[in-house]
Amino acid sequence: MSSAAPYPELCVFDLDACLWDKEMFEMGVVPMVEDAVRGDLNGRGEGIAGVMSGRDKISLHTGALIALQEHADGGFPGMRVALASSADTPFAERVGRAALTILEVLPGLTVWDLLMRDWDGVDVNQIGRQPPLSSNKAKSHFPRIKEATGIRYDKMLFFDDCNWGDHCAMVGAGCKEEGGKGVVTVRTPRGLGEAEWKRGLEVFAASL
């Protein structure tokens, strides 16, 4: 990655059907460490590539794993990452948070480890829809992320599957700075693939 490229200061990911391949409200069991499934981490060694929730295996989408690995490697100077998920129920949130602490980006480095590394151990992520959150990410998740991080909307890049509502359109229209620019959004209806990840970086650079 070129250090001269214009990267977002904050890259925000939805979880269900975007960062990973399952919908948490459909899972029946909160996963535990013993439910981990080991496998290849995109050629970077063997690690925890999946975790079982009952009979369902939760795994990161290919583009999500690549994005997080490149970020872990320091490929995007000045960029940090966060999550904005409108998990349907408190139980779905528990499933999601548990999976984040188990799934690995690199051997020995979980997704949650990487998130905490970015924010010095502070949880800035907005997961769920229980108050003060709601199902509308533009009105709850993103204002709270902005407040917690101090990062302007026009310095953010957001990925969401938008299969249960067009969160990208709502966030793009509702989360803007005074000059009219706001969050750059990319829809991932089939999950975050490598092509969507690269397109997101390109679209953000073109927005500047």
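A polar contact is a pair of N or O atoms within 3.5 Å, in which, within protein, one atom must be able to donate a hydrogen and the other to accept it. In this predicted model, the side chain of Thr110 makes such a contact with the backbone nitrogen of Asp113, at 2.9 Å.

**Thr110**
- Thr110 belongs to strand E7, which spans residues 109–110.
- Its relative accessibility is 9%, and Thr110 is therefore classed as buried, the cut-off being under 20%.
- Beyond its neighbours within four places in sequence, Thr110 is in contact with Leu100, Thr101, Ile102, Leu103, Glu104 and Val105.

**Cys18**
- Cys18 is located in the loop that runs between strand E1 (10–13) and strand E2 (36–40).
- Because its relative accessibility is 0%, Cys18 counts as buried.
- When residues up to four places away in sequence are not counted, Cys18 touches His61, Phe159, Asp160, Asp161, Thr188, Gly191 and Leu192.
- Between Cys18 and Ala92 there are 15 Å in space, C-alpha to C-alpha, and the two are 74 residues apart in sequence.

**Largest pocket**
- The largest pocket holds about 250 Å³ of space.
- It is lined by 18 residues, of which Ser86, Asp88, Arg129, Trp164 and His167 are the closest to its centre.
- By residue class, the lining of the largest pocket comprises 8 charged, 6 polar and 4 nonpolar residues.

Notes
Residues are numbered from 1 along each chain as its sequence is written. This is a predicted model: local features need pLDDT of at least 70, side-chain atom pairs count only at pLDDT 80 or more; totals for chains, interfaces and linings use all residues. Side-chain values use heavy atoms; hydrogens and water are left out. On a 1 Å grid over the protein atoms alone, a cavity is a set of points where a 1.4 Å probe fits but cannot get out, and a pocket is an open set with protein on both sides within 12 Å along at least five of seven lines; lining residues have an atom within 4 Å of a point. Grid points are joined across faces, edges and corners, and a volume is the space filled by probe spheres set on the points. Ala, Val, Leu, Ile, Met, Phe, Trp, Tyr, Cys and Pro count as nonpolar, Asp, Glu, Lys and Arg as charged, and the others, Gly among them, as polar. Helices (H or I, at least four residues) and strands (E, at least two) are DSSP runs, numbered from the N terminus. Buried means under 20% relative accessible area, exposed over 50%, partly exposed in between (1.4 Å probe, protein chains only). Contact means heavy atoms within 4.5 Å.
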